[in-house]
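This report covers helix packing, a charged pair and nonpolar cores. Please have the chain open alongside the text.

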Amino acid sequence: MSAPTITAETAAAEPMNHRQTLEALSGLLLVLFVAMLSSTVVSTALPKIIGSLNGSQTQYTWVVTATLLAATATTPIWGKLADLFNKKLLIQLSIVIFVIGSMVAGLSQSAGQLIAARAFQGIGVGGLQALVQVAIAAMIPPRERGRYNGYLGGVMALATVGGPLLGGLIVDTSWLGWRWCFYIGVPVAVIALVLLQATLHLPTIRRENVKIDYLGATLIAAGVSVLLVWVSFVDSSFAWLSWQTYAMVGGSLILLALAVWVESRAAEPIVPLPIVRRRNTALAILASLAVGMAMFGGAVFLGQYFQIGRGYSPTEAGLLTIPLMAGVLVTSIVSGRLITQTGKIKPYIIAGTAVLVAGFVALSFIDHDTPLWYVGAGMFLVGAGVGMSMQNLVLAVQNTVALKDIGAASSTVAFFRSLGGTIGVSVLGAVLARRVADQVTEGLSAAGIPATGGGGSSSLNLSALPEPIVHIVRAAYGDATGHIFLISAIIAVVGVIAALLLRSVTLRDSLDLPEELKAAAVAADAVDGAPPIDQVGVTRRG
């Protein structure tokens, strides 16, 4: 067999018509729905889940972090595989892994088992979040992709609105119970498998002597994991300046430095440095990192705020998060349509990141007595910022690379966005746990109740606590949540700066780069300090 062997190359060159695209998108959007539902259906149910398993605030954070970390580590691998093997088969494989993880999570008997199951589930999520973007990029030219981003935004909004509501209803329904939060996605995933088999037809590219950079992926995952473990336990289990801190932080930096060294020399790097070094790609990655850190880190604790800080039921908490998802739905559809009409993408990314900062600033003033209309307005702004920026950052990167590199480029953006989310959840969770512990201790002292010293590690099972202590804990969570939104706003400012520095481009109309621009991209990648290689593949008007 000669290398490379390309099947259906002609099909890849000709864009699909609108009907064919919608048919293929049906399965892909259902896959995206399943992936997003896995986290949103748990968001409002998680306080009750952790409470029933007698888990702690640290374990609450790690139930979310474990999935994000596994997805982060595996996203680049899935993306690289998508450039080498059958994309549909890889999507179906990731769905199977996701389903197995969901079933095991539903059978968990302790918080530790749930964290482990969620980590395995994250491997499938990593595949879904990378491969759906890759498949869409292989079907639709960048210029037309804006209009279809509206469909993506609609699915995201449906999953994000319906997920918390569904999760709340499940845990509030006695004959179901919280385990069905994990089982509920299984039939949807099976339907997605059938739809993909019938509707998704993409070219298959195979190369001989394929080398997957498992060493680089392992070093990246290990470096990030050690750092997140340190964040979770510093200042509670050991001091900031201690041998544990030096060992863990130093070890993490060494592992990540080795990862960069390995990536620069690997034949098939997980994170392709030539693509990452391009100006618009690098800035889009930086913005995605900041947006992911702020959005995941801040939004994941909203369910906890409404239930523990305000005393609402899981179902009510799901209803109260609707403004956040409405913002995502409206702005993703509107901005997607406008981008398709104009071909311009930078103004919407700048506006999105700025609105995101404004939303987090507004939420930074909330406490356990804040009027719900004010909280809703802040959430809508956050959702609007996400809707205008997140998908469009991926599109900005996809516009600069050839079709053969779409998988690596798309997964690189998804990798750093997921990495930002992982760091954000872990860091903000640690900050929240510490701040709650301090406020609970102060509240107990003021009430003349002796503190047990559990603080942030104490059980979140409020039903096991006396009523006076429940009030103190609720007030502590409600008041502490505003502080982590302030940190999210500061982080999101980095996204605004990166968006402002992006070069203005007009999205190309072709599915792949023209041959002469491919050659220019290769030449630019080979030369340090080359002229604006991020302009490669851009179709300019006038």
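## Helix packing

Helix α16 spans residues 322-342 and helix α18 spans residues 372-398. They pack at an angle of about 40 degrees, with axes 7 Å apart. The crossing of α18 by α16 is right-handed.

Contact means heavy atoms within 4.5 Å. On the α16 side, the contacting residues include Pro323, Gly327, Thr331 and Ile339. On the α18 side they include Gly376, Phe380, Gly383 and Leu395.

## Basis

This is a predicted model, in which local features need pLDDT of at least 70 and side-chain atom pairs count only at pLDDT 80 or more, while totals for chains, interfaces and linings use all residues. Residues are numbered from 1 along each chain as its sequence is written, and side-chain values use heavy atoms, leaving out hydrogens and water.

## Salt bridge

The count is one salt bridge (a side-chain nitrogen of Lys or Arg within 4 Å of a carboxyl oxygen of Asp or Glu). Asp172 pairs with Lys48 at 3.5 Å, N to O. Asp172 lies in helix α7 (residues 142-172) and Lys48 in helix α3 (residues 46-52), 124 residues apart.

## Nonpolar cores

A nonpolar core is a set of buried (under 20% relative accessible area, 1.4 Å probe, protein chains only) Ala, Val, Leu, Ile, Met, Phe, Trp, Tyr and Cys residues joined through side-chain atoms within 4.5 Å. The largest has 138 residues. Leu28, Ile49, Ile91 and Ile95 touch the most other members. A second, separate core of five residues includes Val231 and Phe238.

Conventions: Buried < 20%, exposed > 50% of the residue type's maximum accessible area, 1.4 Å probe, protein only. Helix = DSSP H or I, 4+ residues; strand = E, 2+ residues; numbered from the N terminus. Axes fitted to C-alpha atoms, helices over the stretch in contact; angles between N-to-C directions. Left-handed = near helix turned anticlockwise from the far one by under 90°.
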